[in-house]
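Please read the following tutorial with the structure in view.

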Amino acid sequence: MRSLGLVRLSPYIRRFAVPAAMMLVSSLSVDAQLASAQPTAPRDTASFPRRSNSAESEQARQAQDAFEQTHRQGLRFYNGGADATCEEQINRICYWNNNGDVPPPAERNDARIERLQLIEILTRAAKASPSDDWVAGMLVRYDIEADRADSSLKAARNCAGTTWWCSALQGLALHSLNQHLEAKNAFDKMLRTMPESMKCSWTEIALWLSNDSTVQRNYRGRPCEQRMKDDERLFRLAQPLWGLPANDLYSELLARHTISLVHGMGRIPYDLTFGADLLESQVRYGWPVNWSVQNGGVADPRPPQVIGHEPTPSYDFLPSANALANPTAATIADFPLNAKKARMRYAPRYASGFQVPPYQFARFRRGDSTVVAGAYRLIRDLEMGRAPYNATLVLDAFDGKEPIVVRKDNAPANAALLATIGTSPFLASLEIIAPASKRVARVRAGVEPLAKTKLISDVLLLTKGDPSEHPTLESAAPLAFGGADIDGGTTIGLYWENYLKVSPGAPATTSIRATRLNASFFQKLSSSLKLSKAVQPVSQRFSDPGRPDGGSGRTLALGWPEVPAGDYQLTIVVQSAAGKDSTSTIIKVRNKNN
């Protein structure tokens, strides 16, 4: 949320609050606001926006100004709390994170009716003067505000004004409709036809980066084309879902510039001149979709503040510096969606929420290749809604080659997707969407190929032992537990592969044990006296005579006793005359009552 100045307000969608005294200031002229919103606008944009002198266009400009004045005066009070503090002070603007706040009040019915009346006037003006850039921009803006996304796209396609501007409006409308590939194509056309200096300004992400002077200087000091090329990796890592046909975060950046330019063309609910601070806040955090007013109470002498509420929930999709430097070595910690003091946030229109699911990446050797099993679980603690789900596993080596993509529609609540990689490390993105609830579960982490020298695979946890007579990774995948957190006192299944040469005449020995990590002194003492299984709850050893079919797959149902909650290292050791090797994974045992 955003507010003007250092005003204490509550945290919801992000807001701007503007003193009423400032709201009474008349809006600047269109040209003056454009100059304020685009302080570095080049000379070759002097003819933009094209404006018609027709009676319909003049009526539209007067109607837009009158609508916003009435709109502001009729805003409802917001009672979301008064404890918000300024997260970012951007000149006149006070921004704070509004995730988890009380929703804004519903808009007045008469405001919705008045907006539709304005749209009718703008539609007549657009028909009379299709080359009027101002009219086209305002019509697309208000159609989107009125949740008439299809109408906004029609208006954008009827635009006959400045070429790049009409493409920008089409990109904005398509992006609002979640038509990601079509939005990308429209914005690509915009970038090809707009003035070069505007292209450089609209595509830079300096505002998303650290405010450190050295970082900013190094970023802005690079030539435009080089900077755009370098930014491709960051945008790839920051793309919310790799399973989509285009990068919607990149389109969101260009959509934010487009709508900001429209806002700078006329009166806005805050009734302020659209300056560089409003532009920065919208480029970083998006534009408001609701407005309200709020004050500090009867004892507060200040006039009511106008609050701008952006969409929620919103997330910081930027990767860490470590992930940017070495993507295939990244861990889940390098993608903190809910980072505090974020330099940017984005609320994808296709998702009502992002979360990290329980997951497991396990590797299995196939000659010179490795099969990666990306397992997930959508039960317990995850509010994903009802099935079916659409699951996607994407692996990107960041070597210029096409990523590996495996999809499964109508996927169950827990399973594993299988993908084959070569000898290079990859960054894996496991993505599950619940179409009914529009919830998204996503996890990203680097995956190394399994070394040729390994004699045993990783272990894949299952909901139960694979009942197949000859278990394989393919038969075990639908049974994947999808995580490494379990309840004590339950039975889980294990699947692993033994690459030792095993035959009835030369059996192997398999040992399975689990050891408590960071056990206390008394737990270790009790374990040594065999009074407790708190330190080593699992310990098994058995002979592996091999399989008649020669397959490498092994499966076991493992009873896990009730032990204190904590982290346990599960280790499988295989040994024969041909060699010895082991594999380990960390099991997190939960308290059943949690």
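The dialogue below takes up these topics in turn.

Q: What is a salt bridge, and how many salt bridges does the count give?
A: A salt bridge is a side-chain nitrogen of Lys or Arg within 4 Å of a carboxyl oxygen of Asp or Glu. By this rule the count is 32 salt bridges.

Q: Which parts of the chain does the pair of arginine 61 and aspartate 132 link?
A: Helices (H or I, at least four residues) and strands (E, at least two) are DSSP runs, numbered from the N terminus. Arginine 61 and aspartate 132 form a salt bridge whose closest N and O atoms are 3.5 Å apart. The pair links distant parts of the chain, 71 residues apart: arginine 61 lies in helix α3 (residues 55-73), and aspartate 132 in the loop between α4 (109-128) and α5 (133-145).

Q: Are arginine 61 and aspartate 132 buried or exposed?
A: Buried means under 20% relative accessible area, exposed over 50%, and partly exposed in between (1.4 Å probe, protein chains only). Both arginine 61 and aspartate 132 are buried.

Q: Where is the partner of glutamate 252 in its salt bridge with arginine 349?
A: The side chains of arginine 349 and glutamate 252 meet at 3.0 Å, N to O. Arginine 349 is in the loop between α14 (321-325) and β6 (353-355), whereas glutamate 252 belongs to helix α12 (residues 248-263), 97 residues apart. Arginine 349 counts as partly exposed because its relative accessibility is 24%, and glutamate 252 counts as buried because its value is 3%.

Q: Which residues are linked in a network of salt bridges?
A: Glu68, Glu107, Arg115, Arg141 and Glu145 are linked in such a network.

Q: What does pLDDT say about this protein?
A: pLDDT is the predictor's confidence in each residue, from 0 to 100. The protein averages a pLDDT of 87, and 87% of the residues score at least 70. Over residues 5-44 the pLDDT is below 50, yet this stretch has 175 contacts in the model beyond near neighbours in sequence; a contact means heavy atoms within 4.5 Å. Where pLDDT is low, the predicted coordinates should not be read in detail.

Note on methods. Residues numbered from 1 in each chain as written. Predicted model: local features only at pLDDT ≥ 70, side-chain atom pairs only at ≥ 80, totals over all residues. Heavy atoms only, no water.
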